[in-house]
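Please consult the sequence and model shown here while reading.

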Amino acid sequence: MLREFLENTSLELSYGVPDVYKDHPTAISIREDGKRILESLLPEYLDDYKVEGSAGRGQWADIPWVAIYNSSVTDRASQGYYLVYLIPNSTNKIILGLAQSFQEAEKEFGKHSNDNLDKQAEIMRMKIPEFQEFFSSSIPEIEISGRLNYRNGHVYHIEYDSTNLPSEE
């Protein structure tokens, strides 16, 4: 289910975002199917976790995404930190990462937000070093064309090629 959703969504967006946003099947799928699929994969004891998918607000996002929020930390992408699948357009990349909110950092640190996000990511990596053997701690290599910076502040991430995703087993 998840593999098929990510593969299909990435394929749809690999040539760029469609011209039309309103009622577009891919945008609806990101918001509804992405959310439903990830919710179905969460263990029952994580009932305080929330899933959200976004293809944009009124127009296509530069990078559509589906996130999982720990409600004791955050309930939205504009604050805190959370797990997220980034599905950049015009590429076959899919990035699964532990990310921090760029919007929150930008409000607090202004033009120094990227540096502060990266410093905070380094502190978080020191607290959970056991993940470094499985994930990258570098800045994800994705093109940013809009205002929101999805690159800086990743604590850990892994990059997938949507044409060669691992099995769900």
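At 47% relative accessibility, Ser90 counts as partly exposed, because buried means under 20% relative accessible area, exposed over 50% and partly exposed in between, with a 1.4 Å probe and protein chains only. The model is predicted: local features need pLDDT of at least 70, side-chain atom pairs count only at pLDDT 80 or more, and totals for chains, interfaces and linings use all residues. Residues are numbered from 1 along each chain as its sequence is written, and side-chain values use heavy atoms, with hydrogens and water left out.

**Loop residues with positive phi**

- Ser90 lies in the loop between β3 and β4; helices (H or I, at least four residues) and strands (E, at least two) are DSSP runs, numbered from the N terminus.
- The phi of Ser90 is near 65°, a positive value in a residue other than glycine.
- Asp23 belongs to the loop between α1 and α2 and has a positive phi of about 60°, although it is not a glycine.
- Asp23 is exposed, its relative accessible area being 58%.

**Sheet**

- An open sheet is formed by five strands in the order β1-β2-β3-β4-β5, with antiparallel pairing; two strands pair if DSSP finds at least two bridges between them.
- The edges are held by β1 (49–54) and β5 (156–161), each of which has a single partner strand, so one side of each is left without a neighbour in the sheet.
- On average, neighbouring strands of this sheet are turned by 15° against each other, direction ignored; axes are lines fitted to C-alpha atoms, for helices over the stretch in contact, and angles run from 0 to 180 degrees between N-to-C directions.
- Six bridges join β1 and strand β2 (residues 65–70) in the antiparallel sense.

**Helices on the sheet**

- Helix α2 (residues 25–41) packs on the sheet and touches β1, β2 and β3 (81–86), where contact means heavy atoms within 4.5 Å; the direction of α2 makes about 150° with that of β1.
- Helix α4 (residues 113–127) also packs on the sheet, touching β3, β4 (93–100) and β5, and its direction makes about 85° with that of β4.

**Buried residues**

- Gly53 is found in strand β1 and counts as buried at 10% relative accessibility.
- The bridge partner of Gly53 in β2 is Val66.
- Gly53 and Trp65 are twelve residues apart along the chain, and their C-alpha atoms are separated by 5.7 Å.
- Leaving aside residues up to four places away in sequence, Gly53 touches Ile30, Arg31, Trp65 and Val66.
- Thr9 lies in helix α1 (residues 2–13) and is buried, with a relative accessible area of 4%.
- With residues up to four places away in sequence not counted, Thr9 touches Thr26, Ile30 and Ile87.

**Largest pocket**

- The largest pocket holds about 650 Å³ of space; on a 1 Å grid over the protein atoms alone, a pocket is an open set of points where a 1.4 Å probe fits, with protein on both sides within 12 Å along at least five of seven lines, and lining residues have an atom within 4 Å of a point.
- Of the 28 residues that line the largest pocket, Tyr82, Leu83, Leu96, Gly97 and Leu98 are the closest to its centre.
- Two or more lining residues come from each of α2, β2, β3, β4, α4 and β5, and β3 gives the most, with five residues.
- The lining divides into 23 nonpolar, four polar and one charged residue; Ala, Val, Leu, Ile, Met, Phe, Trp, Tyr, Cys and Pro count as nonpolar, Asp, Glu, Lys and Arg as charged, and the others, Gly among them, as polar.

Key: Grid points are joined across faces, edges and corners, and a volume is the space filled by probe spheres set on the points.
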